[in-house]
Amino acid sequence: MKIQSIIVEDLQVAADFLKRFCEKCAVVDVAHHFLNAEDALIYLKDNVVDLIFLDVEMPGVSGFDLLDQLLYTPQVILTTSKTEYAYNAFQYNVTDYLKKPFTYQRFLEAIQKVSKKSEQQNGNSEQDHLFIKSDGKLIRLHNDEILFIESMGDYVKFITPAKKYITHNTIKNLETKVNPQVFMKVHRSYIVNFTKINDIQENVLFINGNMIPISKTHKSGVMQKINII
Amino acid sequence: MYNEEQKILFRYSQELDVSYLQELYGEDLQQAEMVFESSAQQLKSELSLAEARFHDGDIPGLKKIVHKMKPLFGYIGLNKIMSEFAAFEQECAQVIEPASVESGFQRIRMITEEALQKVDTETKRLKQYNTQYL
């Protein structure tokens, strides 16, 4: 799967240069380029990305101000022409720090760091549980407790037999965080626990009496995953 | 049509940091052409803005533009200019009176104009090469 990214950079030349490297490496998709942090923040309110290429000094909101205002933490590669920000970069736990202009080789090294970090994060999803933030606390949910996860715009609902938990997240983000051995996205608004499916009829599946649509895009994936005798 | 064996390698002008440019663009001379062209355009427009800020006595504004111009020289193999711009950016951070930075400003203006001539020449060479061989 490609790394979904955005570029936040007020220097058009630098953004074009970076876009070319992203195309060349073929593992990074650039969804958008923003000339200022304000526009990027608006986009990031409704969209989840894996990676932000972020300039530090921009007119108005700086790159670090943007990081302070983010509601979730994608990976960040700082792109700047100053080296003085290295300490701040360390504090913000950014994945890498590229001094402009940088070579293709240096860019690839940064992307390798991003991939490695993603693998580590996905490795964590092999666990048998996850923590969600709901009602002001972190709640541990075992995979086996969760029937399915439903999208509610900027929020998602975790459905368990006993209770429903609402948390600030998106299906797109969770898709990469949950254990793929147990969970699968069946629709843009639903991730289901595969072990909980009671039956499937055409483009609908049932879990504990709940009817969940299966989209055309995900139908073949669902059929491949279930064990039909 | 050219014969691949007869194809000559592009050599950047000796006035530029040749090994750095080779490292930056590798064999992608289309990217080099694109970046040289857009760097020149942006340097021209930023220089006009810098002049306006200087004449308005807006030193913080001038500093921001100098900061923005600085990496552009790197993309065109004029790395030494980047350090001159970094020094002028520092100077702008320390003074309030426009008169204090006048000589520095005139110097970076002259450097930029000279750089623009070099980059225009190199862009033409790249364009010609790319048209011939790509």
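Two strands count as paired here if DSSP finds at least two bridges between them. Helices (H or I, at least four residues) and strands (E, at least two) are DSSP runs, numbered from the N terminus.

## About the model

This is a predicted model, in which local features need pLDDT of at least 70 and side-chain atom pairs count only at pLDDT 80 or more, while totals for chains, interfaces and linings use all residues. Residues are numbered from 1 along each chain as its sequence is written, and chains are lettered from A, with ligands numbered from 1, in the order in which they are written.

## Chain A at a glance

Let's start with the overall make-up. Chain A has 7 helices and 15 strands. Of its 229 residues, 33% count as buried; a residue is buried if 20 or more other C-beta atoms lie within 10 Å of its own, exposed if 12 or fewer, and partly exposed in between, with C-beta atoms placed from the backbone.

Contacts are worth a word too. Two residues are in contact if their C-beta atoms, placed from the backbone, lie within 7 Å. Among the contacts in chain A with a separation of 6 or more, 50% come from residues 24 or more positions apart.

## The parallel sheet of chain A

Five strands of chain A make an open sheet in the order 2-1-3-4-5, and their pairing is parallel. The edges are taken by strand 2 (28–34) and strand 5 (96–99) of chain A, each with a single partner strand, so one side of each has no neighbour in the sheet. Direction ignored, neighbouring strands of this sheet are turned by 20° against each other on average. Strand 4 (residues 75–80) and strand 5 of chain A run parallel and are joined by 4 bridges; A:Leu78 stands opposite A:Tyr97 in strand 5 of chain A.

Helix 1 of chain A lies across strand 1 (3–8), strand 2, strand 3 and strand 4 of chain A, and runs at about 165° to strand 2 of chain A. Axes are lines fitted to C-alpha atoms, for helices over the stretch in contact, and angles run from 0 to 180 degrees between N-to-C directions. One residue to look at in this sheet is A:Asp55, which lies in strand 3 (residues 51–55) of chain A. A:Asp55 is buried, with 26 other C-beta atoms within 10 Å. Not counting residues up to four places away in sequence, A:Asp55 touches A:Val8, A:Glu9, A:Asp10, A:Gly63, A:Thr79 and A:Thr80. A:Asp55 and A:Ile77 are 22 residues apart in sequence, and their C-alpha atoms are 8.6 Å apart in space.

## The antiparallel sheet of chain A

Further along chain A, 3 strands form an open sheet in the order 13-14-15, with antiparallel pairing. Strand 13 (199–201) and strand 15 (210–213) of chain A are at the edges with a single partner strand each, so one side of each is left without a neighbour in the sheet. From one strand to the next, the twist averages 25°. Strand 13 and strand 14 (residues 204–207) of chain A pair over 3 bridges, and A:Asp199 stands opposite A:Phe206 in strand 14 of chain A.

A:Ile212 sits in strand 15 of chain A and counts as buried, with 21 C-beta neighbours inside 10 Å. Leaving aside neighbours within four places in sequence, its contacts include A:Phe148, A:Val186, A:Tyr190 and A:Ile207. A:Ile212 and A:Phe148 are 64 residues apart in sequence and 9.1 Å apart in space, C-alpha to C-alpha.

## Helix packing in chain B

In chain B, the axes of helix 3 (residues 59–75) and helix 4 (residues 79–94) come within 8 Å and cross at roughly 165°. Helix 3 and helix 4 of chain B are therefore roughly antiparallel to each other; angles under 35 degrees count as roughly parallel, over 145 as roughly antiparallel, 65 to 115 as roughly perpendicular and the rest as oblique.

The axes of helix 2 (residues 29–56) and helix 3 of chain B come within 9 Å and cross at roughly 160°, so these two helices of chain B are also roughly antiparallel to each other.

## Where the chains meet

Finally, 15 residues of chain A are in contact with 17 residues of chain B. Helix 1 (residues 12–25) of chain A supplies the largest share of the chain A side, 6 residues. The chain A side divides into 7 nonpolar, 3 polar and 5 charged residues. Ala, Val, Leu, Ile, Met, Phe, Trp, Tyr, Cys and Pro count as nonpolar, Asp, Glu, Lys and Arg as charged, and the others, Gly among them, as polar.
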